[in-house]
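I'm opening my notebook on a new structure today. I'll jot down what I look up, entry by entry.

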Amino acid sequence: MKIVSLITIFSSMLLVACSSKEAANEKNFSAAIEKDIKKPICFLYNLGNDPSMTDYLISKNVLVKNPDDSYQIKEEWRENLHSNGALCVNFFHVDSIVEFTPPEQVDALTISKVKYTMKINTDDAPSWIKDNETLNQSMVKAEEDMARPFNSRTENATLYLTNNGWEVK
């Protein structure tokens, strides 16, 4: 009976340790790297030459028409739509963790070196881009153009352990 209880206790401890945000594992490393690789990919779309697109963006609450007939990009969309007409979407995501070093102490920090691959994915693009055929086609073309150099591309990151889990250094 005592052996069964000890096995249950050790199994529970192991399960808790593996699910901790401080554990050195693919899930935690992927999450930390995702936060760091928010590199938007932008593609140009000239809003000034397309009144129907301007009307569409106003209807989707992306643009606001000013009294002087100029347009202003709403605050929540400024990272996606720039004043030069560039539409930007964060296409980059961690595809896989290839390998990582065991955590080690370096100058009072716990670090791990991680090798990973990225992928490009437009699934999290705003609905106002995906729902419009013209914008969606432009985004898909940008995704295809950008995917070529990123296929099988391996990146490296140094992660360090904080009280909030792993972060990219």
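Before anything else, my naming rule: helices (H or I, at least four residues) and strands (E, at least two) are DSSP runs, numbered from the N terminus.

Ground rules. I'm working with a predicted model, where local features need pLDDT of at least 70, side-chain atom pairs count only at pLDDT 80 or more, and totals for chains, interfaces and linings use all residues. Residues are numbered from 1 along each chain as its sequence is written, and side-chain values use heavy atoms, with hydrogens and water left out.

Entry: confidence. I looked up pLDDT, the predictor's confidence in each residue, from 0 to 100. The chain's average is 80, and 76% of the residues score at least 70.

Entry: I went back to Asp 107, whose phi is positive, near 50°, though the residue is not a glycine. I counted Asp 107 as exposed because its relative accessible area is 73%. My scale: buried is under 20% relative accessible area, exposed is over 50%, and partly exposed is in between (1.4 Å probe, protein chains only). Asp 69 is another non-glycine with a positive phi, about 70°. I found Asp 69 in the loop between β2 (63-65) and β3, and it is exposed at 54%.

Entry: the core. A nonpolar core is a set of buried Ala, Val, Leu, Ile, Met, Phe, Trp, Tyr and Cys residues joined through side-chain atoms within 4.5 Å. The largest one here has 31 residues, and those with the most contacts inside it include Ile 33, Tyr 116 and Trp 128. Strand β7 (residues 109-120) gives the most to this core, four residues. I recalled that in soluble globular proteins, nonpolar side chains tend to be buried together. I then checked Ile 33: beyond its neighbours within four places in sequence, it touches Val 94, Ile 97, Val 114, Tyr 116, Ala 157, Leu 159 and Val 168.

Entry: strands. Two strands pair if DSSP finds at least two bridges between them. β7 and β8 (residues 154-162) run antiparallel over seven bridges, and Tyr 116 stands opposite Glu 155 in β8. β8 also pairs with β9, antiparallel over four bridges, and a hairpin of two residues joins β8 to β9. Leu 161 has Trp 166 in β9 as its bridge partner.

Entry: rings. How many aromatic pairs does the structure hold? I noted three. Rings of Phe, Tyr and Trp (its six-membered ring) pair if their centres lie within 6.5 Å; planes under 30 degrees apart are stacked, over 60 edge-to-face, and the rest tilted. Phe 29 and Trp 166 are edge-to-face, because their centres are 5.1 Å apart and their planes are at 80°. Phe 29 sits in helix α2 (residues 26-36) and Trp 166 in strand β9 (residues 165-168), 137 residues apart. Phe 29 is buried at 0%, and Trp 166 is buried at 5%. Trp 77 and Trp 128 are also edge-to-face, with 5.4 Å between centres and 85° between planes.

Notes. Contact = heavy atoms within 4.5 Å.
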